Amino acid sequence: MGLKGKLVASVEVKCEGHSIHDLYHTNTYHIRNISPLINHFEIHEGEIFKVGVVVSWKYIEDGKEKFLKEVIEAIDHHEKSITWKVIGGDVLELYNSFTIITSNEHKWTTTTLIYEKKNEDTPEPLALLGVFTELTKHIEDHLLTK
């Protein structure tokens, strides 16, 4: 049927990948000050950046403000990865399930989107993958100017 999908994008970064992971893990709320793509970030429940914390974002995708609510399902400090399960927002209008995995290694940052479309006419989430790619570049620029 082709309703399940997976997209992966890796971006080479000049700063250390672990610095990007640290920003996502401990200082995520600062990302709205780093990138014009992020308008709002809020913690709804749980401890800051522990498994089970529920957060929401308002972000810009294709020139439109979108909303995303997610829960952190897993954090792997050794692999420098965070798994976010989407539990609300615009993404779930098109997809039955949606998971975002950010991982960082020495000079690479990778975003993986795993999803199930509501129907065969649902487009691949390329625009959202582009948001993460551009966001990575904004974070990299910020870390390099520190």
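## Ile139 and the nonpolar core

In this predicted model, Ile139 is in contact with Ile20, Leu23, Tyr24, Ile31 and Ile34, leaving aside neighbours within four places in sequence. Ile139 also belongs to the largest nonpolar core, which has 37 residues. Together with Tyr24, Trp84 and Phe98, Ile139 is among the residues with the most contacts inside that core. The element that gives the most to this core is α3, with 7 residues.

## Helix α1

Helix α1 covers residues 17-26. Its buried residues are Gly17, Ile20, His21, Leu23, Tyr24 and His25. An α-helix has 3.6 residues a turn, so residues three or four places apart point the same way.

What do the buried residues of α1 pack against? Their partners include two helices, α2 (31-34) and α3 (126-145). They also pack against the strands β4 (64-76), β5 (81-89), β6 (95-105) and β7 (108-117).

Leu135 is placed in helix α3. With a relative accessibility of 3%, Leu135 counts as buried, because the limit for a buried residue is under 20%. Residues up to four places away in sequence not being counted, Leu135 touches Tyr24, Ile31, Ser35, Leu37 and Ile38. The C-alpha atoms of Leu135 and Ile34 are separated by 8.8 Å, although these two residues are 101 residues apart along the chain.

Ser35 is found in the loop between α2 and β2 (38-45). Is Ser35 buried or exposed? Its relative accessible area is 2%, and Ser35 is therefore buried. Apart from residues up to four places away in sequence, Ser35 touches Leu135 and His138. With His138 there is also a polar contact, made between the two side chains at 2.6 Å.

## Aromatic pairs

The structure holds 5 aromatic pairs. One of them joins Trp57 and Trp84 in an edge-to-face arrangement, with 6.3 Å from centre to centre and 70 degrees between the planes. Trp57 lies in strand β3 (residues 54-61) and Trp84 in strand β5, so this pair ties together parts that are 27 residues apart in sequence. Both partners are buried: Trp57 has a relative accessibility of 7%, and Trp84 has a relative accessible area of 3%.

A further pair is formed by Tyr95 and Tyr115, whose ring centres are 5.5 Å apart. Their planes stand at 70 degrees, so this pair is edge-to-face. Because Tyr95 lies in strand β6 and Tyr115 in strand β7, the pair ties together parts that are 20 residues apart in sequence. Tyr95 is buried, at a relative accessible area of 5%, and Tyr115 counts as buried at 3% relative accessibility. Ring pairs also link Phe41 with Trp57 and Trp84, giving a cluster.

## The cavity

How many cavities of 30 Å³ or more does the structure hold? It holds 1. The largest cavity has a volume of about 130 Å³. Several residues already described line this cavity, including Tyr24, Trp57, Trp84 and Leu135.

The most comes from α3, which gives 4 residues to the lining of the largest cavity.

The largest pocket holds about 220 Å³ of space. It is lined by 15 residues, and the closest to its centre are Glu61, Lys66, Leu94, Tyr95 and Pro125. Tyr95 is also the partner of Tyr115 in the edge-to-face pair described above.

At least two residues of the pocket lining come from each of β3, β6 and α3. The largest share, 3 residues, is that of α3.

## Helix α3 across these features

Definitions and conventions. Residues numbered from 1 in each chain as written. Predicted model: local features only at pLDDT ≥ 70, side-chain atom pairs only at ≥ 80, totals over all residues. Heavy atoms only, no water. Buried < 20%, exposed > 50% of the residue type's maximum accessible area, 1.4 Å probe, protein only. Contact = heavy atoms within 4.5 Å. Polar contact = N/O pair within 3.5 Å; in protein donor to acceptor, adjacent residues only side chain to side chain. Core = buried A, V, L, I, M, F, W, Y, C linked by side-chain atoms within 4.5 Å. Phe/Tyr/Trp six-rings, centres within 6.5 Å; stacked < 30°, edge-to-face > 60°. 1 Å grid on protein atoms, 1.4 Å probe; cavity = no way out; pocket = protein on both sides within 12 Å on 5 of 7 lines; lining within 4 Å. Points joined across faces, edges and corners; volume = space filled by probe spheres on them.
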